[in-house]
Amino acid sequence: EESISFQLKKLFKNLEEGQNTAETTGITTSLGITCVFEQQDAEEFFQRILNAVDSDVSKLYRGTLMNTTKCLGCEECNTDMSKFLDIPLPVDILHDSNEIYSVENGLEEFFRSSKLSGDNQLYCDRCNDKTDTETRTEVADMPHILTLHLKRFDYDYGQRSYVKINCPVEIPLTLHFEEEPRKYELYAVCRHIGSYRGGHYKAFIKSFEDDNWYSFNDSQVLKDGI
């Protein structure tokens, strides 16, 4: 069986039964990964996995965004709905800065309304012309499990290459959304160590059994005081 759902069930079963080794070859093969030593985009494969597993699993991560544009001339509004598996948060900090990035501030910025003017004006059918436009994004349906993607890789025009933004990040243990209202508790973090050209991923996961945090570094699992 080559499906990703089957391979994940097989892996979790081996872990539950206390197998000395848990092979991931079946999972990487299902994802089309031919070289496990080549750096891949974790967010890309996260979405690929969720789009391939059973819908009963993927729906836990799926939410809906409502995107609204409002013409500031005639005040006509247009909305569209879009599904999401994670919310991408740009890290607008210089790549060599020690400034602390706040996830809560990043979320506020993501949902903050913005004005499009000048060369960025949008065409309005009612006005029959390009006009200044206000855009905003709201959550129409919150997922059961919320995933945030910090966009740490950006293009540096001075160096004419992509770079990794290595600033420290402030991650809250809980997040509150007033729209529903909904409270989320942090239970997992995926951390990239390295640069744009190469690196390594580690996972930090909170156990639901003993409330302790554990670091997962390839075959090594250790209790961690995150």
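Biologist: Among contacts between residues at least 6 apart in sequence, what share join residues at least 24 apart?

Modeller: That share is 51% in the protein. Keep in mind that this is a predicted model.

Biologist: How do I read a helix? Which residues of H5 are buried?

Modeller: Check each residue for burial. Buried means under 20% relative accessible area. H5 covers residues 103-110, and Val103, Gly106 and Leu107 are buried there.

Biologist: Why do the buried residues of H5 line one face of the helix?

Modeller: Look down the axis of H5. The buried residues fall within an arc of 100°, so they line one face.

Biologist: What covers the buried residues of H5?

Modeller: The cover includes strands E3 (87-90), E4 (101-102), E9 (148-151), E12 (169-170) and E13 (174-177).

Biologist: Which residue caps the N-terminal end of H5?

Modeller: Serine 102 does. One of its side-chain oxygens lies 3.4 Å from the backbone nitrogen of glutamate 104.

Biologist: Now strands. Where do the side chains go in a regular strand?

Modeller: In a regular strand, side chains alternate between the two faces of the sheet. For a pair of strands, take E17 (residues 213-217) and E18 (residues 220-224). They run antiparallel, joined by five bridges. Tyrosine 214 stands opposite lysine 223 in E18.

Biologist: What happens between the strands of this hairpin?

Modeller: Two residues lie between E17 and E18. In this hairpin, aspartate 218 takes a positive phi near 55°.

Terms used: Residues numbered from 1 in each chain as written. Predicted model: local features only at pLDDT ≥ 70, side-chain atom pairs only at ≥ 80, totals over all residues. Heavy atoms only, no water. Pairing = 2+ DSSP bridges. Helix = DSSP H or I, 4+ residues; strand = E, 2+ residues; numbered from the N terminus. Buried < 20%, exposed > 50% of the residue type's maximum accessible area, 1.4 Å probe, protein only. Arc of directions from axis to C-beta. Contact = heavy atoms within 4.5 Å. Polar contact = N/O pair within 3.5 Å; in protein donor to acceptor, adjacent residues only side chain to side chain.
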